[in-house]
Amino acid sequence: MDTTISRRAAIRVAWALPVGLAMPAIARAQAGTTITVHYAQPFIYKDSYDAILAEFAKREPSIKVNTVTTPNYEEGAQLILRQAATNQLPDLSYQGFNRLRIFAERGIAQDLAPLLRTEGEPVKAGYSPNLLALGQFGGIQAGLAYAASNPICYYNAGLVKRAGGDPDNFPRDWDGVLALAAKIDTLGDGTDGLWYTWNGDDWMFSALLFGHGGRMLNADETDVGFAGPEGLASLKLIERMVKQAGMPNLTAAAARQAFAAGKLGMIFQTTALVRGTVSGVGQNFELRTTGMPVIDAEKGRLPTGGAAGMLCAKDPAKREAAWKFLRFSTGPEGQAMMVKNTGYLPCNQIAIDDPQYLGQFYRENPLFVPSVKQIPISIPWYAFPGSNSVRVTQTMVDNLARIVESRATPEEVQKDMATEVRRLLPRKS
Amino acid sequence: MSDLAIAAPHRRAAGTGEAMAAWALTLPAAIAYLLMLLLPTLATAALAFTDYELGLDGFRWIGLGNFAEMLEDRGFLQSLRNTLVYVGLVTPGSIIGALLLALAIEAGTRGRTLFRAVFFLPVVSLSVAMAAAWQYLLHPTIGPLNAALRVIGIEGPAWLSSSDTVLLSLAAIGIWENLGFNLVLFLAGLTAIPRELYAAAAVDGVPSAWERFRLVTWPLLGPTTLFVLTITMIRSVRVFDTVVVLTQGGPNKASQVLLYTLYEEGFTYFRIGYSAAITLVFLGIVLASMWLQTKVLDKRVHYA
């Protein structure tokens with residue numbers, strides 16, 4: 001008997017010892033949570049996340065944040081889809097707006113609406129309905145917008161002047177812009193008038209389509225929305241850029257190089273490139289920016305590019321910690337840090353409205369202002385439904401190439417583009 | 001009798017022992033081959049018959065569905081055609097160019113090492129970095145090539161962004177990339193040709209340099225040429241990085257090549273099943289060309 005008891009006791013002690021030793025470790029783990037955050041394009045975003053991480057570490061010393069980066073959004077999306085298959089998802093991931101829909105439809109992004117509701121009115125925290133809309137896909141709040149952009153016009157004030165234009169009164173509509181570009185085009189010495197970022201993806205095409213008040217698909221997403229007059233007008237506008245203003249056939253990289261070298265009068269692209277363009281141009285010429293030419297002052301809208309944070313963590317402690325980080329990064333302070341370090345637009349109404357956050361920054365950096373003025377007419381970047389979502393955009397770009405190379409008329413292209421995109425839409429039963 | 005009876009199992013034991021040792025020694029390599037090459041290849045082959053998409057749960061077996069789709073897929077057919085044109089331009093271009101250069105360098109008396117190093121440089125340089133340099137050289141407005149053309153009054157084309165010239169430009173870059181490698185191989189082949197054969201040809205009264213090349217150099221370079229041909233074809237079927245950096249397959253699929261389509265389908269559109277099917281086609285092309293060269297041509301190039 002004795003021996004058994006003592007043996008049992010010994011066993012109990014033997015078990016208890018390591019448990020006792022491990023206790024502080026468990027306590028520590030409970031006090032401190034480690035989360036993994038993924039973001040893409042570190043060459044654009046790293047400074048902004050570093051600033052936010054440093055401030056977050058001061059506010060929440062018990063949460064340790066590890067970061068994972070991918071060179072671009074595309075690889076970021078691959079990473080998440082791969083890790084979802086192997087159950088190794090990061091707790092929080094910042095993805096491009098147009099990819100969020102895939103994650104929402106594949107059940108990877110969690111609905112943030114319930115979490116937002118527990119904190120009271122979202123508007124009071126700066127999440128106005130139009131900002132929340134940027135991250136709404138697949139019927140859920142799939143993400144909270146972190147960085148936003150819209151298309152603007154960059155121009156070379158020197159070339160505009162040489163062509164007889166007034167850099168202080170840049171034309172506000174396409175007729176004026178195309179006429180000015182045509183004049184710049186005749187300056188010679190390899191100088192071109194304008195370049196519009198029609199390739200890469202459908203984003204800049206949607207700027208023309210939305211500008212006419214058009215839509216990519218109809219309201220219930222059963223058919224294409226660009227087969228009507230707005231779509232045709234947008235395609236004709238691209239044709240006029242080529243035929244009337246002599247838009248050269250360039251890749252996006254080549255066009256940016258030509259602009260930086262002072263050989264291109266104007267370039268239409270995302271405001272996210274302001275910082276890069278400023279350093280590329282250097283002292284070559286006087287760089288100015290202005291808003292997109294207005295097509296329809298009433299119905300005209302512009303697409304919003306950028307990234308949103310989506311929550312993937314399942315473990316409650318990590319989920320709470322990741323949510324805290326997401327809220328901080330999209331709150332007024334986080335957004336002010338993001339804007340100052342990237343040049344993107346803020347995604348928090350308080351950061352936009354309250355001058356204490358960014359007023360001084362915009363006074364000192366006027367090149368960023370045109371995009372801010374366009375916020376009221378900005379709508380979400382349209383993401384196509386179904387698994388062909390990304391392929392649709394490539395189909396559209398391929399068809400636009402036919403107009404730019406003058407191989408097809410806008411009417412032909414509109415017809416083919418509609419047929420090809422219809423084939424790629426999910427069949428509704 | 002008893003001797004034999006004892007010796008036999010001995011010998012057998014020694015034999016099996018040796019075999020065991022051999023297996024044990026090849027085991028690491030065999031495991032590596034199995035894990036790193038054979039299993040992934042088999043997994044790819046299996047995926048090619050499914051509709052698996054990254055991020056979706058589960059998949060269905062669709063038999064030859066992916067292959068049937070390929071036959072109607074404009075993107076795939078275009079990329080197959082472009083790849084064949086690219087290989088058709090780069091293979092002869094870089095082989096003939098390398099051979100001519102090798103003969104010139106071999107015949108020259110000075111600077112052999114210098115030229116060899118100069119032409120070999122593209123092989124050791126990173127092609128992604130070099131692509132950026134090409135982008136500048138071929139830039140339609142600020143590039144040196146078109147600037148030079150403008151001086152003599154020609155308005156150069158948009159080399160990398162016009163669908164008429166994009167494949168030609170990529171092929172020119174491909175030739176430049178492969179030339180140095182082939183050159184070094186040809187130089188090695190040339191030094192291996194015995195001098196006596198040229199002396200014998202002179203004694204026999206072979207009249208010209210061309211005849212000397214036709215009767216001695218070319219036949220004896222046979223094995224080298226075959227190897228160069230195989231390597232160049234495989235290297236040019238694999239064209240990918242210049243396309244990614246310079247054109248992304250555009251404009252309107254004019255520079256879409258097989259590996260880029262494979263990448264796009266699998267990693268941009270997440271259609272792993274379809275992408276795996278394209279991989280099998282790619283593998284088939286590479287294996288078929290290797291088989292053709294080793295089985296058919298190999299018999300005709302060896303004189304020893």
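Reader: What is the strand order of the open sheet of four strands in chain A?
Author: Strands here are DSSP runs of E, at least two residues long, and helices are runs of H or I of at least four, both numbered from the N terminus. Two strands pair if DSSP finds at least two bridges between them. Pairing in this open sheet is mixed, and the order in chain A is β8-β9-β7-β10.

Reader: What pLDDT do local features need in this model?
Author: Residues are numbered from 1 along each chain as its sequence is written, while chains are lettered from A and ligands numbered from 1 in the order in which they are written. The model is predicted: totals for chains, interfaces and linings use all residues, side-chain atom pairs count only at pLDDT 80 or more, and local features need pLDDT of at least 70.

Reader: Which strands stand at the edges of the sheet?
Author: An edge strand has a single partner strand, so one side of it is left without a neighbour in the sheet. In chain A that holds for β8 (192-196) and β10 (287-290).

Reader: What angle does helix α8 of chain A make with β8(A)?
Author: Helix α8 (residues 174-185) packs on the sheet and touches β8 and β9 of chain A. Contact means C-beta atoms, placed from the backbone, within 7 Å. Axes are lines fitted to C-alpha atoms, for helices over the stretch in contact, and angles between N-to-C directions run from 0 to 180 degrees. The angle between α8 and β8(A) is about 130°.

Reader: How many residues of β6(A) are buried?
Author: A residue is buried if 20 or more other C-beta atoms lie within 10 Å of its own, exposed at 12 or fewer, partly exposed in between. Strand β6 (residues 144-149) of chain A is mostly covered. Of its six residues, the buried ones number six.

Reader: What is the bridge partner of A148(A) in β11(A)?
Author: Strands β6(A) and β11 (residues 302-311) of chain A run antiparallel, with five bridges between them. In β11(A), A148(A) has as its partner G306(A).

Reader: Which residues have the most contacts inside the largest nonpolar core?
Author: Such a core joins buried Ala, Val, Leu, Ile, Met, Phe, Trp, Tyr and Cys residues through C-beta atoms within 7 Å. The largest has 171 residues. Helix α7 (residues 166-191) of chain B gives the most to this core, with 12 residues. Those with the most contacts inside it are L100(A) and A308(A).

How values were computed:
Contact = placed C-beta atoms within 7 Å.
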